[in-house]
Amino acid sequence: MKDFNVNAFNLYDKQWALVTAGSIDDYNTMTISWGGVGTIWNKPVATVYVKPIRHTYNYLENSEYFTVSFYSDEYKKDLGILGSKSGRDTDKVALTKLTAKEVENSVTFEQAEITLLCRKIYWQDLVTENMPQDVIDKYYVTEEPHRMYIGEVVGIV
């Protein structure tokens, strides 16, 4: 695997990323700003959080693999589109400068600076009973909590 040296605290929050699941013939992607990279069970992993109301959620549920891809600032507007439009309603990728490409078992985009190919090894719904009230008030008054997905990083493209 390639080296992957990053500022882990800025990677998702400031740089944003795309999480993508499905096949090149039927995939969905969305912008994420919550997540992490690390190690569990002696495996390198990427963690992402997706709400059940998001179209990408169904793709993550039905896929063994997903990708997390990162982009230069040049594509910030495109990531904004992919985070604000639903693939349920429109071909949102067509509204961007991004070009989908197949990677082993999943999909990424040609413009990605780096893509983590992940095999889903764990998921769990966040539980509001375990959260501070201010978090519940800000994020979960009208929508169900996120589902956390942990993917073993099996390749870096």
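Predicted model: local features only at pLDDT ≥ 70, side-chain atom pairs only at ≥ 80, totals over all residues.

Reply: Happy to! Residues are numbered from 1 along each chain as its sequence is written, and side-chain values use heavy atoms, leaving out hydrogens and water.

Strands here are DSSP runs of E with at least two residues, helices are runs of H or I with at least four, and both are numbered from the N terminus. Two strands pair if DSSP finds at least two bridges between them. S4 and S9 do this in the antiparallel sense, over six bridges. S4 also pairs with strand S3 (residues 35-40), again antiparallel and over six bridges. There, Gly38 is opposite Val45 in S4. S3 and S4 make a hairpin with two residues between them, and Trp41 in the turn has a positive phi of about 55°.

Thr47 has a contact to notice too. Contact means heavy atoms within 4.5 Å, and Tyr12 is in contact with Thr47, as well as with others including Ala46, Val48 and Val68.

Tyr12 leads us to the core. A nonpolar core is a set of buried Ala, Val, Leu, Ile, Met, Phe, Trp, Tyr and Cys residues joined through side-chain atoms within 4.5 Å; buried means under 20% relative accessible area, exposed over 50% and partly exposed in between, with a 1.4 Å probe and protein chains only. In the largest one, which has 22 residues, Tyr12, Phe66 and Val68 touch the most other members. S4 and S9 are among the elements that give two or more residues to this core. A second, separate core of eleven residues includes Tyr71, Leu79, Leu98 and Phe109.

S4 has a part in the largest pocket as well. A pocket is an open set of points on a 1 Å grid over the protein atoms alone, where a 1.4 Å probe fits, with protein on both sides within 12 Å along at least five of seven lines; lining residues have an atom within 4 Å of a point. The largest pocket is lined by 18 residues, with Met30, Thr31, Ser33, Arg54 and His146 nearest its centre. Strand S2 (26-32), S4 (43-50) and helix H3 (76-84) each give two or more residues to that lining, and H3 gives the most, with four.

Note on methods. Lists of a residue's contacts leave out its neighbours within four places in sequence.
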